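Here is a short report on how two chains meet in one structure. Please look over the sequence and the structure first.

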There are 2 protein chains.
Amino acid sequence: MSELRGACIIGQSGGPTAVINASALGVIRTALDTECVTRVLGAANGIKGVLEDRLYDMGQEDAAELDLLKYTPSSALGSCRYKLADPDKDDTDYKRILEIFQKYDVRYFFYNGGNDSMDTCNKISKYMQKVGYECRIMGVPKTIDNDLNGTDHCPGFASAAKYIATSCAEVWQDAHVYDTGMVTVIEIMGRHAGWLAGSAALASLTGCGPDLVYLPEVDFDMDQFVADVTAIYNKTGKCMVAVSEGIHYADGRFVSEAETSATDGFGHAQLGGLAVKLADIIKNKTGAKVRGIELSLLQRCGSHVGSDTDIQEAFAAGKAAVEAAVAGTTDKMVAFQCTREGGYKCETVLQPLDIVANFEKKVPREWINEAGNGIEQPFIDYVLPLIQGEPNRALENSLPRFARLKKVLTTEM
Amino acid sequence: MSELRGACIIGQSGGPTAVINASALGVIRTALDTECVTRVLGAANGIKGVLEDRLYDMGQEDAAELDLLKYTPSSALGSCRYKLADPDKDDTDYKRILEIFQKYDVRYFFYNGGNDSMDTCNKISKYMQKVGYECRIMGVPKTIDNDLNGTDHCPGFASAAKYIATSCAEVWQDAHVYDTGMVTVIEIMGRHAGWLAGSAALASLTGCGPDLVYLPEVDFDMDQFVADVTAIYNKTGKCMVAVSEGIHYADGRFVSEAETSATDGFGHAQLGGLAVKLADIIKNKTGAKVRGIELSLLQRCGSHVGSDTDIQEAFAAGKAAVEAAVAGTTDKMVAFQCTREGGYKCETVLQPLDIVANFEKKVPREWINEAGNGIEQPFIDYVLPLIQGEPNRALENSLPRFARLKKVLTTEM
């Protein structure tokens, strides 16, 4: 494969995670150290930054400050939820992307995101091939939801899972101090896949886990839910429940939908307020004292209790993307292939973008108990190795010392 | 002072904190190692455990397991919110407490709690003196609210403050990723005192703090709030607000109770706390995308990001209580006297119970800015030393390893 010289662009897209910046650092650091990559540009707010010619010159950043990205949550370059049109119907955006690629001689494009982002990569790649512009395009996975196809797991998931498990164990302690009754409902992210809600069950390893766990993989039945909670509450005086925001009735309606108004840029219903709603239903039915807790944004930015395994893997994914692209690969997403027997091992592999894009990987039904209100051991065996290791984060005054980037916009060609 | 031989009881009361068990450990460990303390009994659910003769024999606990209490959040012995009657009107409970004290030859009583608990201590102490039963009674302070009189600060406050500051810094990162507008409202505990909500401002030291902070020490004005938020939102496209759950109008009505928020399609009042209501009001007034986040129980049990200074001081308070009681002191609460100039120093002192009980210490008005929507430097200088140091907590599978006590109930005299 002949060497391809030129600039690279790295962009971040979709909802942020605790480790998406570790992946960005993996790309940026490796690209800066690669001779044939002439320049490293960071797209402000993902593909929008490309369309709007808002590109940061990453070579102007201080190296030590860049390194802090490894432990800085959220998307340091900015993110977007911008969906490219079908190029056969409207190729305006694609022409503009080509124009920017040509302007800066961009030959490498790395996009760090979830399903929608892999779709974006795929479309750009196909367009560039069609018009004959040589450019290597690689996806770097990211999503707390862990719903990407073709990879053992996704960077970002494990840190959120660890935050959730740790928080559930702590809340369990708090919810068990009085000898009066108490039902606690904890609402966890995950629209269509229950990986995160299921991770609440890891707290049980500490002796302080939820009594019931409801995932979107199983149709939700309100009467059964009330019966499940009441049975445990009547027996022990307490009940702690973890629910995915995405639980839905058999007809597909989200349980939270009565409170839903807005939709995001992709037409996904915005969810929230479910914990309080379910707690209220339990209160009305049982008279129990209740508490609804929504982990909200906290669970996806809680880098202070992140998984070091996740952080190192996220970095490795970014690094692998650059190395593969420089070696001649294009149209691929970096994925993880893992073994767990005889000790956890994880290696990066490459997957075609089109088997990744627009497909949501769910929790296997057999990893959920028959009653649909708990988790089976294979789920625990799957997640537990991923959350290992404490982040070696930088502190200042015992508070997080996040990366402070200069973000120098470039206009030079 | 003559040596007083006998058993001791340690009880925990009121809302739990991340470090109340460190104080309990300070009492238990010191008492177990003190020759004249013949037995160490833990009251199940505070004073209720005394009234109901539910006492754990702490001498039967494994020493290593007990030591884990230092990093185990919430009240390991169980808590209560039981208020003793005025003994001049109804002395039933006091007679019962005397009976239990006599049954187990209890000569030392340590109560670990907030304002109400110091009131409980004070009442029991006066009753025991009246009936001529020799018993030394000491209060060990605890409250995340930091509103106890007579002490520089309270164990439990700093860990909650650190959790809040860290979480606000992380949420700030998350709330700034898109180039679209966003208003985030974070609701923080503290019904009458704004120490915790004010601590959100510590996040500003990381460069990622709230734009506006509202404490209950200043009357809340909804029009002014909307104007404050709108001004910042219009200028920057973002606004992050920290509010105390206890903010109230000039007439004393809590905003959380007075504001009947928007109703859903069925005419039901929308569920959710203050953060969601305020966010909803901002959305209606400005059209901004909003997010209301309630830190809920998470902020008082988040021991994984606790302050080691707080943990060590909490332990020292428990230890000092036992040492003082054994030396002959009674009717006192352990308090902290601190200096900050020339480096932070903290020492334990003893305060009369009656200057502590039933008084709430507020944030000085001059530590809040004139507009009543932000914090001044003296507040930061006061809090910052308290949150220093990372907890050396035990982990198992990278998850918290909390103390697992046997809790052997005793009936033996």
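## Salt bridges between the chains

Six salt bridges are counted between chain A and chain B. This is a predicted model. One of the bridges pairs Lys48(A) with Asp179(B). Their closest N and O atoms are 2.9 Å apart.

Over all chains, a search of the whole structure finds 42 salt bridges. Where do the partners Lys48(A) and Asp179(B) lie? Lys48(A) sits in helix H2 (residues 47-51) of chain A. Asp179(B) sits in the loop between helix H6 (157-175) and strand S6 (182-188) of chain B, so the pair joins two chains.

## Extent of the interface

On chain A, 67 residues are in contact with chain B, and 66 residues of chain B take part in return. The area buried between chain A and chain B is about 5400 Å². Carbon and sulfur atoms give 55% of that area.

Polar contacts also cross the interface of chain A and chain B. The rule finds 30 residue pairs in polar contact, with both residues at pLDDT 80 or more.

## What chain A brings to the contact

Five kinds of entry need naming here. Helix H6 (157-175), helix H9 (274-286) and helix H10 (298-301) of chain A each give two or more residues to the side that touches chain B. The largest share, 10 residues, comes from H6(A).

By residue type, the side of chain A that touches chain B divides into 28 nonpolar, 22 polar and 17 charged residues.

## How the two copies are related

Which surface does each copy use? Of the interface residues of chain A, 90% are also interface residues in chain B, so the copies meet through the same surface.

## The single chain

Chain A has 13 helices and 14 strands. Its radius of gyration is 22 Å, close to the 22 Å that the globule rule gives for 413 residues, so chain A is as compact as a globular protein of that length. The C-alpha trace of chain A spans about 70 × 50 × 40 Å along its principal axes.

Technical notes: Residues are numbered from 1 along each chain as its sequence is written. Chains are lettered from A and ligands numbered from 1 in the order in which they are written. This is a predicted model: local features need pLDDT of at least 70, side-chain atom pairs count only at pLDDT 80 or more; totals for chains, interfaces and linings use all residues. Side-chain values use heavy atoms; hydrogens and water are left out. Contact means heavy atoms within 4.5 Å. Buried area is the accessible area (1.4 Å probe) that two parts lose on being put together, summed over both. A salt bridge is a side-chain nitrogen of Lys or Arg within 4 Å of a carboxyl oxygen of Asp or Glu. A polar contact is a pair of N or O atoms within 3.5 Å; within protein, one must be able to donate a hydrogen and the other to accept it, and residues adjacent in sequence count only if both atoms are side-chain atoms. Helices (H or I, at least four residues) and strands (E, at least two) are DSSP runs, numbered from the N terminus. Ala, Val, Leu, Ile, Met, Phe, Trp, Tyr, Cys and Pro count as nonpolar, Asp, Glu, Lys and Arg as charged, and the others, Gly among them, as polar. The radius of gyration is taken over C-alpha atoms; the globule rule is 2.2 Å times the number of residues to the power 0.38.
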